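Please look at the sequence and structure first.

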Amino acid sequence: MSEETITVADVSEGVGGESDLAAGTPISLPVVEILTGRGFITGKSGSGKSNTASVVIENLLSNNFPVLIVDSDGEYYGLKQEFEILHAGADEECDIQVSEEHAGKLASLALEQNVPIILDVSGYLDEDEASAIIKETARQLFAKEKKLKKPFLMLVEECHEYIPEGAGMDETGKTLIKIGKRGRKHGLGIVGISQRPADVKKDFITQCDWLCWHRLTWDNDTKVVSRILGSDYGEAIEDMDDGEAFMMTDWAESIRRVQFHRKRTFDAGATPGLEDFERPDLKSVSGDLVSELQGITDERERRESEIADLRRELDKKRQRITQLERELEEAKDMSSMADTFAQALLRKAEAPYRGGGGRNLTREAADAERGRVADDGGAGGEQRTLSTADGETHAADGTGAAGETRDVDGNVRTADGEPTVEEVASGVAPNGDSSTRHRSNGSGADTSADGAASTVEANDTAVEAATPEAVPPTEGVDIADARSRSGFDRHAELASFAEGTELRRREAVVEGFARAVRSLDDVTRAMLAYYRGTGRATAEEAHLASGGSGDRRFAYSRNKTLRRAGVIEHRSRGEYAYALPDLVDRVYGDNVDGQELTEVVAEIENRAGLTSAE
C-alpha cells in the first residue's frame, strides 16, 4: 500500500507555481500519507475546497479505502450516487438517525467492517448535541486504532468551529488536536477543511503534512498564507481560479500551483441556480448494516419513554406531597386549638363558682351534690322535684345544688346567671349574643336580639357545626394562646377597630382597616381577596383557590374568621359575598360622600394587599 497513489490534479499555469513540472502534468498523492497524515484544505466559499476534498475521497473509495466524513453542511451525500456509503445524522433523509450513543458502533463499522460513513451533523438543531457525537466518535476511533493500527482517514468540514485559534476550545476540539498530534503512529489520519484559515488554531495548521490553499481574499487570511508560504503566494492567492490551489506537501518538499479535477459524483454543495434541480438516484445501504444501529436507537427511545413516564409519576407524587403537607399543617393548627380548648374547659369546670366555696366540681362531685339537694328538698315537703330529659331530678322552683338555677331547658345556671360548663360545651354562650339560644313563652322557638341577622348567623353556625373539626364557641374561656398561633382571632382586630374613636380621620381609617386585614394569615387573607375578585363563592372554593387543601373543616374555620370580622357576609346555599366596602360604609360613611368612600375602600384594599394579584 505504501506505493499506491491517487491522481487528483494537474499542474496549472500562473504566478507562484514551481517550474520543475510543465503545465498539465498530473499530480498524484501517496495513499498512505493521505490516510495516516494530517492535511488542511482551505479557501473562501466557492473557491473549490469541498470539490478538492470530494476528489480525494472519491479516489480513496474507488480503491476500497474507507473514510469517515464529518459533514457540517450536508454536502457529501452525493457520494452515494456511486458508492455504498452509510449516511448517518439527524435528518429523515439519512439512512439512520444517530446520537452520541451510536458513536462506538459507528467506529466499529468503519474500522472493523470497512464501511465508509458520512456523519452528517447539519441536521442537529442543538450544537452541543452535534459536538458531542463528533467528540465521542473521534474518541472511539482513536481508542480502537491503538489496537488495530489500520490506516484510516477522518475528514472534518468547518474545522474552525471545533479547533478555533482563540479561546473557547471544548472537549471536541481537544480530541481532534490529540488525533492530529498522536493519531499518525496509530494509523489514524485527519484532514481539516475551513474557509477561514485565520480562525483555525495555528498549532494544527503548522503540523500538517499536506496543505491546499484555494482562493482567499480577506486580509487576515492572506496574511496567514504569507506567513506560512511566503509573501508572493499571499498576493497571488487572491487571483486563483475556481479549483486552483497552491499545494504544499512534506514528501515533495515543493509548492505547486495545481488545478484539481472535478468530482464525479453529484455536487450537493453547489450553489443552486435557475436550472431545474434533480437529485440523482443514490445507492442505499444494506438493511443488515443499519439493524444494529437501529437497535441502539430503539433502546434509547425506550429508555427516554420510561424516563418521561417516571418523571410524570414523580411530579404527581410531589404535588400530592405538597398537598398533604398543607393539610398536615392545617391539621396541626386545628389539633393545637382543640387541645387548648379542652384544657380551658377543664380549668373552667374546676374553678370556684361566684359566691361559692371553691369546690372542685368534677362529675362525681356534681352527681353527689345533686343527690344531696334532692334529699334535702324532699324532707321538708316544700319543694317539688322535676325530672329532666337526662333523668336527673331538680327543684321545681328552679333552684339546684348550692343555689344553682336551671332554665326551662334544664341547663344549670349560677346565682348570678353565669353559664355553666354544660352551656359552654354545648355551644350556648352568655350575654345574649347572636349565638345564644333564647326561649320564650315555652314554645321552644329560637329568637335573637337582632332579628333577621340571627337567622343568617344561625345558618352559618349550623353549617360550621356540621363539620367534623369545627371549632367550638369560646365565650367565657381563655384561648388566647391557641388563637395567637392559629390566627383564628384576627377578626377581633377589625371588630375592635370598628368600635374605635378615630374614625373621623381618613388616614386612621385606611391604615386601621389595612393593618387589621394584613394581620390575617396568608391563606385567610387570600380567601378574602378571592371573595373580592369573584363576588361570591363557597368557603371550600375560596380555600382551595387560596392555596388551601379545600377541606371543609379548614375552609369553614378560616371562613369564620372573615365572617366574624364583618368583611364577608353569608348569602345563600353556602355562598359568601365580599362585604369590606359595606363594613367601611357602616363605620365611616357618615363622614364622607359616596365618591370619597369608594376611594377610601380602594386605598384600604391596596394597602392590605387585596389587589396585588390584579
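Glu507, Glu511, Arg518, Glu603 and Arg607 are joined in a network of salt bridges, a salt bridge being a side-chain nitrogen of Lys or Arg within 4 Å of a carboxyl oxygen of Asp or Glu. The model is predicted: local features need pLDDT of at least 70, side-chain atom pairs count only at pLDDT 80 or more, and totals for chains, interfaces and linings use all residues. Residues are numbered from 1 along each chain as its sequence is written, and side-chain values use heavy atoms, with hydrogens and water left out.

- Glutamate 511 is partly exposed at a relative accessible area of 25%, and arginine 607 is partly exposed at 29% (buried means under 20% relative accessible area, exposed over 50%, partly exposed in between, with a 1.4 Å probe and protein chains only).
- The axes of α15 and α20 come within 8 Å and cross at roughly 40 degrees; axes are lines fitted to C-alpha atoms, for helices over the stretch in contact, and angles run from 0 to 180 degrees between N-to-C directions.
- The crossing of α15 and α20 is right-handed, a crossing being left-handed if the near helix is turned anticlockwise from the far one by less than a right angle, and right-handed if clockwise.
- Residues of α15 in contact with α20 include Val510, Phe513, Ala514 and Val517, while those on the α20 side include Val600, Ile604 and Ala608 (contact means heavy atoms within 4.5 Å).

**Other salt bridges**

- The whole structure has 27 salt bridges.
- Glutamate 165 pairs with lysine 202, their closest N and O atoms being 3.6 Å apart.
- Glutamate 165 is partly exposed at 35% relative accessibility, whereas lysine 202 is buried at 15%.
- Glutamate 569 and arginine 571 form a salt bridge at 3.2 Å between the closest N and O atoms; glutamate 569 is partly exposed at 26%, as is arginine 571 at 36%.

**Cysteines**

- A search of the whole structure finds 0 disulfides, a disulfide being a pair of cysteine sulfur atoms within 2.5 Å.
- For cysteine 208, which is in no disulfide, the nearest cysteine sulfur is that of cysteine 159, 8.4 Å away.
- Cysteine 208 is buried at a relative accessible area of 5%, and cysteine 212 is buried at 0%.

**Threonine 538**

- Threonine 538 lies in strand β17 (residues 536-538) and is buried at 17% relative accessibility.
- Leaving aside residues up to four places away in sequence, threonine 538 touches Tyr531, Gly574 and Glu575.

**Confidence**

- The protein averages a pLDDT of 76, and 69% of the residues score at least 70; pLDDT is the predictor's confidence in each residue, from 0 to 100.
- Residues 348-366 stay under 50 in pLDDT, and the model gives this stretch 20 contacts beyond four places in sequence.
- Residues 372-490 are also below 50 in pLDDT, with 157 contacts in the model beyond near neighbours in sequence.

Notes. Helix = DSSP H or I, 4+ residues; strand = E, 2+ residues; numbered from the N terminus.
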